[in-house]
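Colleague: I am new to this one. Please show me how to read it, feature by feature.

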Amino acid sequence: DKSVFLMFDPLHLFKNFYNNFMKAVTFTFPSFKFVDSIVPELLDGTMEASFLHIKNVHDIEIGKPLKLAFKLNEKVLNPAVIERTSVKLADSVFHESTINSLFYYSNNGYPQFKETALFLRMMRTWFNVLNVKSLFYGENVRDVSKMAIKMEDPGKSIKFMKSFCEWLEKWKTGTGMKGLTCQTFGAATQTSHAYPLLVDYIFKNPDFDYVLTGNLSSDFIEGRFGWYRQLCGANYYNSVLQMLQAEKRIRLRSLINMGFNLKNIHELFEDND
């Protein structure tokens with residue numbers, strides 16, 4: 001079987017959601033409601049989310065000793081161009097505290113915040129489902145969106161991804177709806193469509209009992225190249241020779257951490273040569 005599942009890195013898409021939302025200021029998207037905990041159900045009509053609502057929450061809480069949206073600050077709301085590539089800033093906007101603060105204020109004098117809160121929750125749930133890196137973390141924090149996908153019960157995460165994909169396609173083709181860029185729409189739709197297919201393909205192998213979606217991203221590849229750059233004097237432009245030398249140093253360090261002595265390592269390298 002030579003199946004290919006084309007996906008884009010969820011971290012980069014998450015940053016794109018943040019940048020697109022900040023630049024557009026206002027999004028108009030298909031209506032939905034959450035049922036069965038995290039599964040979105042599409043409805044008739046449209047909803048509207050505004051980045052200004054997030055700024056309003058920050059303004060409301062300025063000077064207060066206790067803040068609901070404690071992740072928000074000026075850097076998050078008005079980042080420099082180079083800072084817009086930061087996952088930390090995107091995480092602050094789509095953080096649970098920001099979402100919960102919008103829901104709170106929507107019930108206490110600012111009803112217009114509710115649709116923005118729902119939009120942020122949709123995007124946050126998508127990121128949580130695709131960023132699971134621990135088998136038991138979701139159960140410990142009692143968050144269904146952070147639970148591993150298990151063979152005996154793929155559960156609500158797969159249902160969410162399928163519904164999210166349908167929602168994106170309806171949003172992209174909707175008339176008069178202001179939303180993500182064409183590139184972000186395409187990448188997010190492709191990724192959301194491919195993940196359930198990949199999980200189903202993995203579970204065809206009886207050796208797998210569960211899937212940690214966070215381990216399917218390119219973080220490890222990027223981390224390796226970052227390691228290369230640091231070992232080469234934090235130089236961004238490395239030669240092939242420098243990368244090969246850095247790889248030897250990484251493997252040597254790994255062998256030492258595994259308990260190999262210098263004699264065994266020397267013999268091992270001689271055999272490989």
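**Reading the model**

Colleague: Which residues does His-95 touch, not counting residues up to four places away in sequence?

Modeller: Contact means heavy atoms within 4.5 Å. By that test, His-95 touches Phe-70, Lys-71 and Arg-124. Keep in mind that this is a predicted model: local features need pLDDT of at least 70, side-chain atom pairs count only at pLDDT 80 or more, and totals for chains, interfaces and linings use all residues. Residues are numbered from 1 along each chain as its sequence is written, and side-chain values use heavy atoms, with hydrogens and water left out.

Colleague: Where does His-95 lie? And is His-95 buried or exposed?

Modeller: Take the place first. Helices (H or I, at least four residues) and strands (E, at least two) are DSSP runs, numbered from the N terminus. His-95 sits in the loop between α4 and α5. Now the exposure. Buried means under 20% relative accessible area, exposed means over 50%, and partly exposed is in between, using a 1.4 Å probe and protein chains only. His-95 has 17%, so it is buried.

Colleague: How many helices and strands does the protein chain have?

Modeller: The chain comes to twelve helices and four strands. Its C-alpha atoms fill a box of roughly 70 × 45 × 35 Å along the principal axes. Of its 273 residues, 41% are buried. Look at contacts between residues at least 6 apart in sequence: 63% of them join residues at least 24 apart.

Colleague: Which salt bridges does Arg-124 form?

Modeller: Side chains of opposite charge can pair when their charged atoms come close. The rule here is a side-chain nitrogen of Lys or Arg within 4 Å of a carboxyl oxygen of Asp or Glu. One partner of Arg-124 is Asp-91, at 2.5 Å from N to O. This pair links distant parts of the chain: Asp-91 is in helix α4 (residues 87–93), Arg-124 is in helix α6, and they are 33 residues apart. Glu-96 also bridges to Arg-124, with the closest N and O atoms 3.9 Å apart. That pair, too, links distant parts, with Glu-96 in helix α5 (residues 96–106), 28 residues from Arg-124 in helix α6. Arg-124 is buried, at 8% relative accessibility, while Glu-96 is partly exposed at 25%.

Colleague: How many residues apart are Arg-251 and Glu-247 in helix α11?

Modeller: They are four residues apart in helix α11 (residues 240–257), so about one helical turn separates them. Arg-251 is exposed at 52%, whereas Glu-247 is buried at 13%. Elsewhere, salt bridges that share partners join Asp-91, Glu-96, Arg-124 and Lys-146 into one network. The total is seven salt bridges.

Colleague: At what angle do the axes of α1 and α6 cross?

Modeller: Two packed helices are described by the angle between their axes and the distance between the axes. The axes of α1 (residues 10–24) and α6 (residues 113–129) come within 10 Å and cross at roughly 165°. That makes α1 roughly antiparallel to α6, a label for angles over 145 degrees. Axes here are lines fitted to C-alpha atoms over the stretch in contact, and angles run from 0 to 180 degrees between N-to-C directions.

Colleague: Which residues of α1 meet α6?

Modeller: Pro-10, Leu-11, Leu-13, Phe-14, Phe-17 and Phe-21 do; their partners in α6 include Phe-119, Met-123, Arg-124 and Trp-126.

Conventions: Parallel < 35°, antiparallel > 145°, perpendicular 65-115°, else oblique.
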